Amino acid sequence: MKTIKSWRSFGGTLSVHEHDSEACSCPMTFAVFTPPGEGPFPVLWYLSGLTCDWSNVMEKSGLQRMASELGLMVIAPDTSPRGPGVADDEAYDLGQGAGFYLDATQEPWAKHFRMESYITRELPKLVFGNFPGDESRQGVFGHSMGGHGALTLHLKNPKTYRSVSAFSPIVAPAQVPWGEKAFTAYLGDDRDAWNRHDAAALVQAKATEAHILIDQGTADQFLEEQLRPEIFEAACEASGQALTLRRQEGYDHSYYFIASFMEDHLRHHAQALKA
């Protein structure tokens, strides 16, 4: 691992790092905000959306002030493998920048697109071996495609990710165009495999002890076709999953929306992880 950049911010440190990933078979980049103090700190994993990388949340959300105040370490991995030799597609919603936080089984994606293994297995070993994070206190949140990742990874690993929240998540990818396209490419035509990466299907099968927080803007341009939070809401009600779904009037899909409610999400995680 090598450090690419580092800045002081609100008494803490924002740093960007690169390492050779075994899971993704290419170099991967991630960012860490470490709050002031000795640690070990509760750790929040932030999963970004389509086309994004670590910089979107760290540069646009304003999370550092509140993360510093609450004593939360925030990790922002990339959204997919990247670089020469990594399979790609000319569309923004498939290939590089669009990993969907799963392990692909289909060619030409299977060699590099192993984001679930990278996020849940490889990167934590690197983080906890080099930063003062508390492995027993982890939460996960994200935006859009990253909201999909946050929900599914929590639902599959509730003892690892004790807290969870999302901004404008793709909650039922097996039923919307973004997910149908990505799942067909990465996983093939087996819809049982799709459902293992579908938050609505996962929560319908088994609820967790966490209280899920979701913020969704009512003016989001992707709301009706791609996001469809009502599907997840109904699945949570059927399974008894604790959910707070806030529909925020007039907000869209942008980081102006995320920045407006980032403090609420950080406090949500801090309350759960420090309990």
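Q: Which residue is the bridge partner of Tyr46 in strand 6?
A: Phe141. Note that this is a predicted model: local features need pLDDT of at least 70, side-chain atom pairs count only at pLDDT 80 or more, and totals for chains, interfaces and linings use all residues. Residues are numbered from 1 along each chain as its sequence is written, and side-chain values use heavy atoms, with hydrogens and water left out.

Q: How do strands 4 and 6 pair?
A: In the parallel sense, over six bridges. Strand 4 covers residues 41–47. Strands are DSSP runs of E, at least two residues, and helices are runs of H or I, at least four, numbered from the N terminus. Pairing takes at least two DSSP bridges between two strands.

Q: And how many bridges join strand 6 to strand 7?
A: Six, and these strands run parallel. His143 has Phe167 as its bridge partner in strand 7.

Q: What unit do strand 6, helix 4 and strand 7 make?
A: A right-handed β-α-β unit. Right-handed means that, with the strands pointing away from the viewer, the path from the first strand over the helix to the second runs clockwise.

Q: Is strand 6 mostly covered or mostly open?
A: Mostly covered: eight of its eleven residues are buried. Buried is under 20% relative accessible area, exposed over 50%, partly exposed in between (1.4 Å probe, protein chains only).

Q: New topic. Where is Asp215?
A: In strand 8, residues 211–217.

Q: Why does Asp215 count as buried?
A: Because its relative accessibility is 0%.

Q: What does Asp215 touch?
A: Not counting residues up to four places away in sequence, its contacts (heavy atoms within 4.5 Å) include Phe167, Arg246 and His265.
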